[in-house]
Every structure is written in structure tokens, then in C-alpha cells.
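Please view the model alongside the text.

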Amino acid sequence: MFEWLFKFPLDVYRSAQLDYAFAGPSWVLPGTFIIAAALLAFLLWRRGTLTPIRRVAVFAAQLALVAFVLWLLAQPELVNEQPVAGSNTVALVLDDSASMAYVDDGIDRLATARSRLDDLADRVEDTYNVERALLSNTATPVDSYDEVSAVAAASPLASELATLVSQQRGESLAAVVVASDGLETGADNTAALETLQQAGVPIFALTTGRQSVAEDLALVSAEVPTEAVAGSRFDAIVTIRHDRGGDARLRVLANGDTLLAAETVELDPARSTTQQTVNLTLTDTGFQSLSFELTPLGDEQERRNNRLQRVVDVPERNHRILYFEGEPRWEYKFMRRAIAADDDIVFSSLLRVSPNKFYRQGLEDSTELADGFPTDAEELYQYDAVLLGSVEAAALAPAQQQLLLDFVSVRGGSLLLIAGPNGLGNGGWGESALAPALPTQLPAFGTDTFRRERVSVAPTVYGRSLSALRLSDDSGSGWNDLPDIADHQSVGTLKPAAQTLLSVRTSTGDEPLLVTQPYGRGRSYVFGTGGTWRWQMQLPVEDQRHERFWRQLLRTLVTAAPQRESVRAIAADPGLVVEAEFLDDSWQPRLGLAAAVSIVGDGGVEQLALTPAPDQPGVYRGRVFGRGEGIRYLEATALDGDTVVATARAAFAGDSVAIEHRRVRASDTALLAIARASGGAVLTDADPDTLLARLRESAAGVTELRRQSIWDAPAVLLALLLLKTFEWVVRRRWGQI
Amino acid sequence: MLQRAAAALVLGAAMSLPVFAAGMPPAEFQFARLAYPVDMNSQAYRRGARDMWQTDWPDAEHHLIRGIKRLTRVNTADEGEILTVMDDALFDYPWLYAVEVGYWSLNQVEADRLREYLERGGFLVVDDFHGTFEWASFMESMLRVFPDRPVREIPESDESLHVLYDLDQRVQIPSIMLLRTGRTWERDGRTPHWRGIYDDDGRLMVAINFNMDIGDAWEHADTPSYPENMTALAYRFGISYIIYAMTH
């Protein structure tokens with residue numbers, strides 16, 4: 001409509017400059033305007049039948065008409081650069097990746113895209129030189145599209161179009177037209193988009209395919225911890241992409257044959273993704289391969305995106321906990337009993353039984369904690385988690401408090417403060433050197449908030465989502481009929497990063513009971529009760545919820561703590577970045593080592609030298625190209641001279657299914673970014689004429705200045721008619737024709 | 001609650017003793033004395049042995065509690081509590097003391113409840129019973145509690161005897177009768193035995209002081225003629241049982 005009214009598309013108006021073809025003296029038109037205005041004023045003055053207001057209105061309408069006519073006499077023109085016919089090239093690029101083979105409602109994406117490009121080629125061949133190219137892993141010039149295959153597992157659109165534009169700029173490239181479903185497999189396109197912006201060659205995208213594919217389910221992600229304790233429960237967070245409601249069946253298999261979980265996931269029809277938390281338990285040690293599998297829908301074409309593979313390390317080493325308690329108490333006893341059967345956790349405790357006597361339990365050897373609470377990092381950092389019970393802060397020297405702070409922030413250990421007559425705020429921990437690490441601002445020292453009264457406990461919404469706080473295997477979380485705890489204590493006010501996991505219902509309302517926050521590399525918890533032992537004494541012997549609560553919570557604490565030597569692979573485009581970290585006994589970076597990593601997979605062994613990361617002391621880094629498929633094992637080694645001083649192992653799941661197959665839904669996100677950067681446009685349903693007009697507007701290639709008059713546009717005639725009609729209608733109503 | 005109220009009524013009326021209302025203990029540890037029933041058909045009952053559970057009450061715990069407060073970090077209530085096996089509050093007191101258990105008589109319901117209490121983590125100290133007859137009487141009820149768990153001598157290496165003190169003196173702690181008779185034993189119980197019943201994980205859950213009377217030693221801590229060293233040893237045993245119960 002716009003183009004019909006104004007002769008040219010809106011974009012032409014936007015890109016062009018307005019100029020006038022009038023060749024006469026510059027004073028002629030303004031002078032004519034002044035004379036016309038004076039004449040009109042005189043004539044209206046002589047006609048004394050109109051009221052003054054009406055005379056002014058008629059004068060304004062007639063003066064506008066005169067101004068408009070004079071503007072037309074100036075011969076307005078749009079001036080812009082346009083390619084010179086026969087001197088420029090248009091590249092027509094067909095996406096030839098595997099996703100283009102998808103058939104949408106019986107319509108082949110590839111055939112549709114090819115047809116549109118062929119049609120366009122026929123229309124522009126008189127004006128432009130046409131270059132054809134296929135884009136899959138790379139953009140390849142072709143003579144015809146007969147070479148399409150649609151099998152390539154990648155389509156890095158931005159980077160390959162940038163390469164294409166850079167290579168063909170010498171051939172007076174005026175524009176690029178790409179026909180694609182828009183599935184971009186490149187990870188970081190920043191540099192490519194900058195290249196396209198600098199090149200100034202407009203890229204026009206013809207999109208094909210459906211953005212909503214109801215017959216397809218896709219596993220987008222499955223987040224699992226890198227490490228788990230044998231026999232402990234952990235969460236896997238699975239995200240499913242869908243364009244429909246209903247149910248989906250999800251299975252999780254360990255090592256290909258052991259069923260760990262089978263769940264029905266209710267898909268929210270109002271959303272395009274649904275997240276499901278799956279509770280898993282691994283009993284075998286070593287690297288465990290997990291397969292997450294969605295049962296395909298009956299009419300599902302692409303089933304490769306229904307499966308994801310992950311690896312979880314279940315190490316054979318023991319995790320270690322230090323529990324420092326200031327007085328004999330039932331919580332201490334029953335916590336020890338709850339964790340006693342856990343062979344994977346060494347639970348060492350230091351209990352002050354008399355004013356000057358400590359009792360040690362659960363020791364690895366007789367020297368452990370022989371001198372009391374650790375005074376140096378080497379000793380304290382052996383533990384993965386530290387528990388502080390009903391003990392005042394003053395029981396530790398300021399240096400020991402600082403050491404505990406470093407234990408969380410530097411070592412990455414977990415810290416749990418447990419309520420008690422001398423615990424939390426009562427013990428002055430809120431004013432101690434440890435205070436910054438705590439998730440709450442504890443009540444001030446001297447304010448006794450410890451109460452021996454029964455209160456009920458319930459998980460918060462967030463806490464309910466964590467497997468560590470699930471106390472039963474059935475659909476309930478196991479909290480509803482738990483007996484009250486024996487006591488409670490205020491945990492104070494939450495800090496900004498704190499999350500409440502459990503709350504307690506007291507006589508004054510709900511209060512946080514278990515609160516956590518990350519601090520540095522580690523995490524701290526504050527638990528406002530020392531009375532969970534009542535669960536154990538009030539429930540039948542067969543009821544294991546008290547034991548389960550403490551086992552799961554303590555396992556969560558220890559598995560979160562990192563190890564001194566570690567190696568990991570991070571997906572980076574292209575390939576992988578491998579990072580190994582080596583720290584000494586005090587958790588300080590080990591510098592000057594010669595580090596290397598072996599990557600073992602189905603394809604053999606790949607050796608990679610690692611170099612010190614300048615931004616992270618103690619970290620050694622290297623890059624491999626290609627992510628490989630299946631499970632791959634990393635073994636990092638650090639040498640000081642000829643001596644191996646540290647090793648670390650890890651495993652990760654490579655891309656068993658390429659990204660190209662994971663996404664079947666057409667998307668214009670990447671194409672819009674490319675079009676914006678290059679000065680082009682996404683033309684989903686544009687007709688060939690519009691596309692041709694857009695091509696002609698391109699200022700790239702060999703161009704000439706083109707002037708296009710607009711005085712003869714239909715809108716001009718309409719405007720003239722409207723102005724006169726308006727005046728006529730008004731005067732007729734006044735009876736003053 | 002009805003059972004507890006009935007027990008309170010019967011016991012209170014019979015013995016003019018206060019039986020406290022249930023609630024959370026006012027401190028982490030409260031000395032809890034077990035008010036057990038005596039078989040009404042027994043010879044002992046007919047002889048008047050109806051309230052043997054209150055022997056040494058309240059001085060025994062009164063003295064011991066002061067000792068616990070002085071010698072340990074245990075947060076301890078100033079006064080003791082009295083509980084029956086069927087008391088609703090029983091499971092809020094994970095440490096129990098029973099005296100003169102040669103006279104107790106637990107029916108199967110009570111025995112089942114005491115077994116449940118012990119298996120959940122409760123701890124029982126029994127004391128002040130002597131000789132063959134009282135042992136047999138004690139075991140008659142204890143076998144109802146644990147038909148299959150053996151009673152064993154507590155070895156010197158057992159952690160319960162080293163948790164705070166090294167209790168390697170196996171000395172018979174006498175009752176106050178010593179002052180009149182000059183004998184440290186009663187009936188035919190000449191040899192003291194520190195016996196125990198253990199759970200499946202090797203933890204002591206019933207400490208059996210047989211042929212001795214540590215309750216009397218607590219009670220007579222302020223009796224000038226009672227041997228001070230016996231009171232001191234009895235304190236150590238009592239405190240060790242408490243610390244052990246709160247750590248194992």
C-alpha cells in the first residue's frame with residue numbers, strides 16, 4: 001500500500017536523501033508564495049460576508065494548497081546509490097545442512113528454499129552476475145544447486161557468510177540472499193557479525209520451515225553434578241523443548257542398561273520448555289555414564305534429539321567432615337549415629353566434654369585433631385566440610401576463625417553452623433571473623449534466642465525441589481508427618497544471596513531454619529536447631545527419615561567441595577577448552593609446572609600440552625578442536641622437572657548427537673542478527689518484486705547516484721484533492737460557497 | 001496421656017511423690033528416673049516393696065546433677081524427672097536411670113515399649129540390685145525386653161569406661177549399709193559386675209551395675225562417714241554413662 005501511494009517502499013525513503021530538480025532562481029518559489037498569500041488575503045478581506053475566524057480558516061486552507069503546489073513545482077526527488085546493471089554480483093546461498101531435510105507438513109524445507117532462490121536467479125540475471133553457494137559446515141561456491149545433500153551436521157551461518165562476503169568483495173558483491181531455516185550452530189558470532197557490519201554488503205534472508213513443530217520433543221539439557229557420593233541422591237535437571245501439551249515419558253539409564261529413573265513429565269502447553277528434576281542414586285564407583293531418553297512421539301521425525309548423555313564421577317575416595325562441638329548433646333549423638341553407616345564419609349568430631357577436655361571420635365588415626373581444632377590450612381583443608389555446634393566463637397583464636405573463613409572462600413569447603421545455647425548469635429559468631437561467610441546476619445551477641453520448645457519444620461518451595469531434602473521416595477517429600485523438633489534459634493536476617501531451604505513455624509510466625517549462600521569457592525549454611533534428634537526418638541526404629549536427612553545434607557556438603565587437583569573440559573567454539581587446576585596443600589596455586597592432558601575416547605588418545613592461564617594462577621589451559629562423540633576421559637598430569645607432582649582425572653560426554661539434529665524448529669533469531677549487522681533484512685514472505693527492489697537499493701558493489709522523482713506519486717494527487725475537498729465541505733456547511 | 005495420668009495418679013497417691021507434667025526437658029540433659037511397676041503378686045510386693053524405684057530419691061540425682069554441672073560441659077537441668085515406661089514424654093528423655101531393678105516387673109507391652117526406646121537410641125542405667133534372686137528377677141523382665149540379646153560383661157577396653165575418665169578400678173561400690181554392717185556386698189552378691197546389653201553396632205544401650213549401689217554413693221555424697229572415694233568413683237561412673245549416652 002505504501003509503495004503504491006508513494007511509488008517506492010518505505011526503506012527507499014529511509015535510505016535516500018530528498019533533493020529538488022527545480023532549475024530556476026532560488027527566489028522564484030518563495031516570492032510566488034508571498035505574492036499568493038497577499039492576494040488571497042486581499043480577496044478574503046474584500047468578501048465581508050465571512051466572520052473573522054472563518055476568514056482565517058479559509059485563508060489557511062488556501063495557503064496550504066498554494067504551498068503544496070509550489071513544493072511540487074520544485075520537483076522533489078529521492079536521491080540514492082544503486083548498483084550499476086551488469087557490473088555487480090549477487091550471491092545466492094542455499095542452506096545445505098541436515099536440518100533443511102526436515103519435512104514440514106509435507107513441504108520439504110530444502111526444496112522450498114531452492115525454488116525461491118532459483119526463481120530469484122531468473123529475475124536478477126539480467127541485472128546482476130549470479131553466484132551460487134551451498135552453506136553447511138562451510139560456504140562452498142557451486143554452479144548449480146544440484147549438488148545439495150542436506151546431511152551436514154553443522155550450519156555456522158554467521159561465520160560462513162562472513163567468510164563468503166570477505167572472499168567475494170573483489171567481485172563487486174552487491175548483496176547476498178540466503179535461504180535457510182535459520183538454525184545457527186556456531187557458538188560465538190561476535191567477530192563474524194562485526195565482519196559483516198564492516199563489509200557493508202546487505203544480506204537478505206529468505207526463511208523457510210516452521211517455528212513450531214508440535215510433533216517433536218527435544219531434550220535441550222540435562223544438568224548433573226560432576227561428582228556424587230556412592231549411594232547418595234542427587235538432582236538431574238532436565239529441560240524439554242516442546243510445542244504441545246500432554247505427557248512425555250523420560251527414562252534415565254546408567255551405563256546403557258541399568259534403569260535409574262522413569263518418570264512422566266507433564267508438558268506445559270503454555271510454554272515452549274518444561275523443566276523436570278529427577279532424583280538419581282548411583283551405587284557403583286567410577287565414571288558413570290547416564291543416558292537421558294525421551295520416548296518419541298508417534299509422528300516424530302527427528303528422534304536423535306530425544307537423547308542426551310552425561311557423565312557423573314562417583315569417586316572411591318572418602319569425603320571428610322570435621323564436627324566441632326562445644327558440649328555433649330543429643331544432636332551430636334544422633335547425627336553421628338545417622339552418618340555411621342555411611343562408609344564414604346569420615347566423620348571426625350571434636351567434642352568439648354569438660355571445661356578443659358576434648359573427646360575425639362571417628363578419627364582416621366590417633367594424631368588427627370590431637371592438638372585440638374586445626375591451626376593451619378594444611379590440616380584444616382583436608383576436610384570437605386566443617387560443622388560448628390554449640391560452641392562460642394571465642395573458643396577459636398581469631399587466626400582460627402580467619403582460617404575457617406578461608407576454608408570456605410579459598411578451599412571451597414562447606415560450613416554448617418548448628419544452633420545451640422552457645423551457637424550462632426548466642427556464641428558471638430555474628431561478630432567473629434567468620435561472619436562475612438555466613439548467609440545471615442546473626443542476632444547480636446548477648447541476645448539469647450535459643451528456645452527449648454517444640455516446633456514444626458517444613459521445606460520451602462526451593463527446599464522442596466532439592467533431592468537433598470527429600471525424605472521419602474514416594475510422591476510426598478516426607479516432611480508432613482514429622483514430629484516437631486526439640487528446639488530452635490533465630491538465624492537472624494538473610495543476606496542478599498541467601499536462600500532458605502527449611503523454615504520453622506514458631507509462636508510468632510514462620511522463620512527461616514536452614515539457610516545457605518555461596519561464599520567464594522565454597523558455601524555456608526546456618527541451621528537454627530539442635531533438636532532434629534527428636535525425629536529419631538519419636539519415630540519408629542524402621543523410620544529412617546532422621547538418618548536420611550543428615551546423610552543427604554552432609555553428602556551435599558562434602559560433594560560440593562572441590563579437590564586440590566582437577567581437570568575439566570568446557571565447550572568452546574570451536575572445540576573444547578581443557579582446564580586443569582593444581583593447588584598445594586594450603587590450596588595455593590602451584591606455578592611453574594609442565595602440564596599436559598590425555599584425552600581418551602573411542603577415536604583413540606589425544607595428547608595436549610597445557611599452558612599456564614594468565615588470568616588464573618594454578619590453572620593450566622589448552623584447546624582442542626572438535627568435541628568428539630561419546631564418553632571421553634581426561635587425565636591431566638603436572639610435572640615439576642621430571643617428577644610427576646599431581647594428577648587429575650575427569651570424564652565428559654561428547655556430542656553424541658550434533659547440535660544440528662537437536663534443533664528442528666526454524667528460527668529467525670540468527671538471521672535477524674546477520675541482517676541487522678549487514679544492513680539487509682529478513683524477508684519471510686516477501687514476493688520476488690519486493691526482493692528485487694531491495695536488491696536494487698543496495699549501495700554495495702559498483703553503484704551510481706540515482707534520482708527518482710516523487711511529485712507524480714498517487715499520494716500527491718490525493719493530497720491535493722483532500723485539501724480542496726476539505727475547504728469545499730467547510731464552506732458549504734457555512735453556506736458560503 | 002491417659003496412661004501417664006493414670007500412672008501419675010496411682011504413683012502420686014501411693015507415694016506422695018510429684019510426677020511432673022510432660023514437656024520438653026528444660027535443659028539438654030535431665031536426669032530421668034524410671035518409675036517401674038512391681039508385680040503385685042510377688043512376695044516382694046507383699047513385703048511392702050511397692051515403691052522401690054524411688055530408692056535414694058531425690059538426694060541421689062540432686063547430688064549427681066551438681067557434679068555433672070561442675071565436672072562437665074553438659075547443659076543439665078537442676079532437678080530430675082520421673083517417668084514411667086508408658087509415659088508419652090519417655091522419648092524426649094534419651095537417658096534413664098532405674099534403681100532396685102531386682103523388683104521391677106514389666107509386662108510385655110511395657111517391655112516392648114522399653115525395647116523400642118532403647119533401639120531408637122535411648123540409654124538405660126540400672127543399679128542397686130544384688131545377688132542371685134534379684135538378678136533372676138531383673139532378667140525375667142529384661143528377657144521380655146530383649147529375648148535374644150545377651151547380657152555381657154563390659155570389657156575394660158569399652159569406650160563407655162574411657163569416654164571421660166579411665167575407669168579401670170573395678171571396686172565394689174557399697175550401699176550405706178556398709179556403715180552398719182561393714183560389708184560392701186548385699187545378699188550373695190559378693191562380686192561386682194559391670195554388665196551391659198549392646199545393640200547391633202556394638203554400642204552399649206543398657207548399663208547394668210550389678211552387686212553394687214552407685215545410687216547410694218551419690219545420695220550419701222554429703223554423709224561424712226560414707227567413703228568419699230566411693231562417692232567420687234560413683235560420680236565418675238554416672239557421668240561416664242551420661243557422656244557415653246550423649247556421644248554414641
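Predicted model: local features only at pLDDT ≥ 70, side-chain atom pairs only at ≥ 80, totals over all residues.

Residues are numbered from 1 along each chain as its sequence is written, and chains are lettered from A and ligands numbered from 1 in the order in which they are written.

**Strand β21 of chain A**

Helices (H or I, at least four residues) and strands (E, at least two) are DSSP runs, numbered from the N terminus. Two strands pair if DSSP finds at least two bridges between them. β21(A) and β29(A) (residues 522-527) pair in the parallel sense over five bridges. β20(A) (residues 385-388) is also parallel to β21(A), joined by four bridges. There, A:L388 stands opposite A:L417. Between β20(A) and β21(A) the chain passes through helix α10 (residues 398-409) of chain A, in a right-handed β-α-β crossover. Right-handed means that, with the strands pointing away from the viewer, the path from the first strand over the helix to the second runs clockwise.

Why is β21(A) largely enclosed by the rest of the structure? Five of the five residues of this strand (residues 414-418) are buried, so the rest of the structure largely encloses it. Buried means 20 or more other C-beta atoms within 10 Å of the residue's own, with C-beta atoms placed from the backbone. A:S414, A:L416 and A:I418 point one way, A:L415 and A:L417 the other.

**Cores**

A nonpolar core is a set of buried Ala, Val, Leu, Ile, Met, Phe, Trp, Tyr and Cys residues joined through C-beta atoms within 7 Å. The largest has 187 residues. Those with the most contacts inside it are A:I321, A:A385, A:L417, A:A580 and B:A98. Helix α8 (residues 228-245) of chain B gives the largest share of this core, ten residues. Another core, of 50 residues, lies apart from it and includes A:L94 and A:A158.

Contact means C-beta atoms, placed from the backbone, within 7 Å. Beyond neighbours within four places in sequence, A:A385 is in contact with A:I321, A:G413, A:S414, A:L416, A:L554, A:L557, A:V558 and A:A561.

**Antiparallel pairs**

| Strands (chain A) | Bridges | Bridge partners |
|---|---|---|
| β10 and β11 (residues 233-241) | five bridges | A:E223 and A:I237 |
| β31 (residues 576-582) and β34 (residues 619-624) | six bridges | A:V577 and A:R623 |
| β33 (residues 604-612) and β34 | two bridges | A:T611 and A:R621 |

β33(A) and β34(A) form a hairpin with six residues between them. In its turn, A:G618 has a positive phi of about 90 degrees.

An open sheet of three strands in chain A has the order β10-β11-β14, with antiparallel pairing. β10 (218-223) and β14 (273-281) of chain A are at the edges with a single partner strand each, so one side of each has no neighbour in the sheet.

**Contact between the chains**

The contact takes 27 residues from chain A and 22 residues from chain B. On the chain B side, helix α4 (residues 108-120) supplies the largest share, three residues. That side divides into ten nonpolar, five polar and seven charged residues. Here Ala, Val, Leu, Ile, Met, Phe, Trp, Tyr, Cys and Pro count as nonpolar, Asp, Glu, Lys and Arg as charged, and the others, Gly among them, as polar.

Definitions and conventions: Contact = placed C-beta atoms within 7 Å. Buried ≥ 20, exposed ≤ 12 C-beta atoms within 10 Å, placed from the backbone.
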